[in-house]
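Notebook open, model loaded. I want to go through the contacts one by one and jot down what turns up.

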Amino acid sequence: MTVTRREALGLAVGGAAALTTLRFTAPAFAAGNAVEDAILEFTGGATPGSGDITIGAPEIAENGNTVPIEVSAPGAASIMLLAAGNPSPGVATFHFSALSGAQEAKTRIRLAKTQDIIAVAKMQDGSAITTKRSVKVTIGGCGG
């Protein structure tokens, strides 16, 4: 079987168009259960309860490109931050050791739109706790 240059070029352009379309549509479908899946993977399948975990975030973020966030959970081995409304909800995971002065972290994150910020802490005893906070975004930071 011989393939002409024109046919090869047509196949290459068609394949690139298909990959581009899939690349831009896949995150919209994956975001539905992505938050729950990330929480279950982080906690090892356990359902997190409530406890001593706090999220510090502005109630209104004028620009979603850089939103200051702080999280603390005394006694935590690690803390995971999720942005439920972003195309990729995983934001950060912080790990703490016995040498950590405090189980708290500060960072700046991008938010695409008004959404909940979710923090899940895995405690030293293996249990997990969670909390969430809503942040209103006036100008989206993920292309919005």
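Predicted model: local features only at pLDDT ≥ 70, side-chain atom pairs only at ≥ 80, totals over all residues.

I started with Asp116, which counts as partly exposed because its relative accessibility is 26%.

Next I looked for the partner of Asp116. Asp116 makes a salt bridge with Lys132, with 3.7 Å between the closest N and O atoms. Asp116 sits in strand 7 (residues 115-123) and Lys132 in strand 8, so the pair ties together parts 16 residues apart in sequence. Lys132 counts as exposed because its relative accessible area is 57%. I then searched the whole structure for salt bridges, and the search came back with one.

How many aromatic pairs does the structure hold? I got zero. I did find a charge over a ring, though: Lys122 lies over the face of Phe42, 4.8 Å from the ring centre.

The largest nonpolar core has 24 residues, and the members that touch the most others are Ile69, Val71, Leu111, Ile117, Ala121 and Val135. I checked which elements give two or more residues to this core and noted strand 3 (67-72), strand 4 (76-83), strand 6 (104-109), strand 7 and strand 8. Phe42 turned up in a second, separate core of seven residues, which also includes Ile39, Met80 and Ile118.

Setting aside neighbours within four places in sequence, I see Ile117 in contact with a list of residues including Ile55, Ile69, Leu81, Leu82, Ile109, Leu111 and Val135. Lys132, the salt-bridge partner of Asp116, is also among the contacts of Ile117.

In what order do the five strands of the open sheet run? I read 2-8-7-4-5, with mixed pairing. Strand 2 (60-61) and strand 5 (90-95) are the edges, each pairing on one side only. Strand 2 runs parallel to strand 8 (residues 128-137), and two bridges join them. Within strand 8, Val137 is the residue that stands opposite Ala61.

Last, I stepped back to the whole chain. I count one helix and eight strands, and along the sequence the pattern reads α-β-β-β-β-β-β-β-β. Of the 144 residues, 31% count as buried. Among contacts with a separation of 6 or more, 64% come from residues 24 or more positions apart.

How values were computed:
Residues numbered from 1 in each chain as written. Heavy atoms only, no water. Pairing = 2+ DSSP bridges. Helix = DSSP H or I, 4+ residues; strand = E, 2+ residues; numbered from the N terminus. Phe/Tyr/Trp six-rings, centres within 6.5 Å; stacked < 30°, edge-to-face > 60°. Lys NZ or Arg CZ within 6 Å of the ring centre and 35° of its normal. Salt bridge = Lys/Arg side-chain N within 4 Å of Asp/Glu carboxyl O. Buried < 20%, exposed > 50% of the residue type's maximum accessible area, 1.4 Å probe, protein only. Core = buried A, V, L, I, M, F, W, Y, C linked by side-chain atoms within 4.5 Å. Contact = heavy atoms within 4.5 Å.
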